[in-house]
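Trainee: I would like to go through the terms used for this model and check each against its cut-off. Where do we start?

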Amino acid sequence: MAAGVQMPGALQTREALLDAGAALVEQHGLGGLSVNMVVAQAGVAKGTFYVHFKDRATFVDAMHKRFHGRVQAAVDQAVEGLEPGAERIFRSTEAYLDVSLANRGVKALSLEARSDPTVQGGPMAARRERLAAAGVADLKAMGWDDAEAAAQLIAAMTREISVLEFDAGCPLPASRRVLKRFLGI
């Protein structure tokens, strides 16, 4: 939830639950996330959770969806006015990395979810695929015949940098420079 933003009560409660979940995932991991912990952290009754979310899986997906919404907004802002190409890809990846660092709890959730069969497919996988596919037009503009495969590899490299930065707790300029060099910038 953005500081200073006024929201209607129900939306404010939903955001408080999502914020609580993100904080708890960062502390305890996805496996340690429970509805009871979320409502205690958010300071609401357990029934309130179920007004907003069908179950824990729906809640986890909502946290991931909110994270990807933040990523998309940051990417859109970072590439506004840029022509398709390498610089646009790099600015997109930097935006993703910056949002990941600012949302450590959900990034932790995303990392763990990749190995959790109960949440690894479906909408979460589709959001990751859409993010990777966004670079295809840029790679085609750069002359890549195999742009789809290249976009997947750049997305994988970006996710790995994100993991390294997550572990370090800060941006890793050398890793970002290497990505830039891979893009020929």
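Trainee: Which residues does S162 touch, not counting residues up to four places away in sequence?

Mentor: S162 touches Y96, L97, S100 and K107, where contact means heavy atoms within 4.5 Å. The model is a predicted one, in which local features need pLDDT of at least 70, side-chain atom pairs count only at pLDDT 80 or more, and totals for chains, interfaces and linings use all residues. Residues are numbered from 1 along each chain as its sequence is written, and side-chain values use heavy atoms, with hydrogens and water left out.

Trainee: Why is S162 called buried?

Mentor: Buried means under 20% relative accessible area, exposed over 50%, and partly exposed in between, with a 1.4 Å probe and protein chains only. S162 has a relative accessible area of 2%, so S162 is buried. Its place is in helix α9; helices are DSSP runs of H or I with at least four residues, strands are runs of E with at least two, and both are numbered from the N terminus.

Trainee: What makes S92 buried?

Mentor: The relative accessible area of S92 is 18%, and therefore S92 counts as buried. S92 is found in helix α5 and, leaving aside its neighbours within four places in sequence, is in contact with V75 and V79.

Trainee: How many helices and strands does the protein chain have?

Mentor: The chain has 10 helices and 0 strands. Of its 185 residues, 39% count as buried.

Trainee: Why is α9 called roughly antiparallel to α10?

Mentor: Helix α9 (residues 147-168) and helix α10 (residues 173-182) pack at an angle of about 170°, with their axes 10 Å apart. That angle makes α9 roughly antiparallel to α10, because angles over 145 degrees count as roughly antiparallel, under 35 as roughly parallel, 65 to 115 as roughly perpendicular and the rest as oblique. Axes are lines fitted to C-alpha atoms, for helices over the stretch in contact, and angles run from 0 to 180 degrees between N-to-C directions.

Trainee: Which residues make that contact?

Mentor: From α9 they are I154, M157, T158, I161, L164 and E165, and from α10 they are S175, R176, L179 and F182. These residues divide into 6 nonpolar, 2 polar and 2 charged.

Trainee: How many aromatic pairs does a search of the whole structure find?

Mentor: The search finds 5. Rings of Phe, Tyr and Trp (its six-membered ring) pair if their centres lie within 6.5 Å; planes under 30 degrees apart count as stacked, over 60 as edge-to-face and the rest as tilted.

Trainee: Why is the pair of F49 and F53 called tilted?

Mentor: The ring centres of F49 and F53 are 5.4 Å apart and the planes stand at 45°, so the pair is tilted. F53 and F59 form an edge-to-face pair, with 5.0 Å centre to centre and 80° between the planes. Ring pairs link F49, Y50, F53 and F59 into a cluster.

Trainee: How do you know that F49, F53 and F59 are buried?

Mentor: F49 counts as buried at 1% relative accessibility. F53 is buried with a relative accessible area of 1%, and F59 is buried with a relative accessible area of 1%.

Trainee: Which residues touch the most other members of the largest nonpolar core?

Mentor: Of its 21 residues, F67, V71, L139, I154 and L183 do. Such a core is a set of buried Ala, Val, Leu, Ile, Met, Phe, Trp, Tyr and Cys residues joined through side-chain atoms within 4.5 Å. The largest share of this core, 7 residues, comes from α5.

Definitions and conventions:
Nonpolar A, V, L, I, M, F, W, Y, C, P; charged D, E, K, R; others polar.
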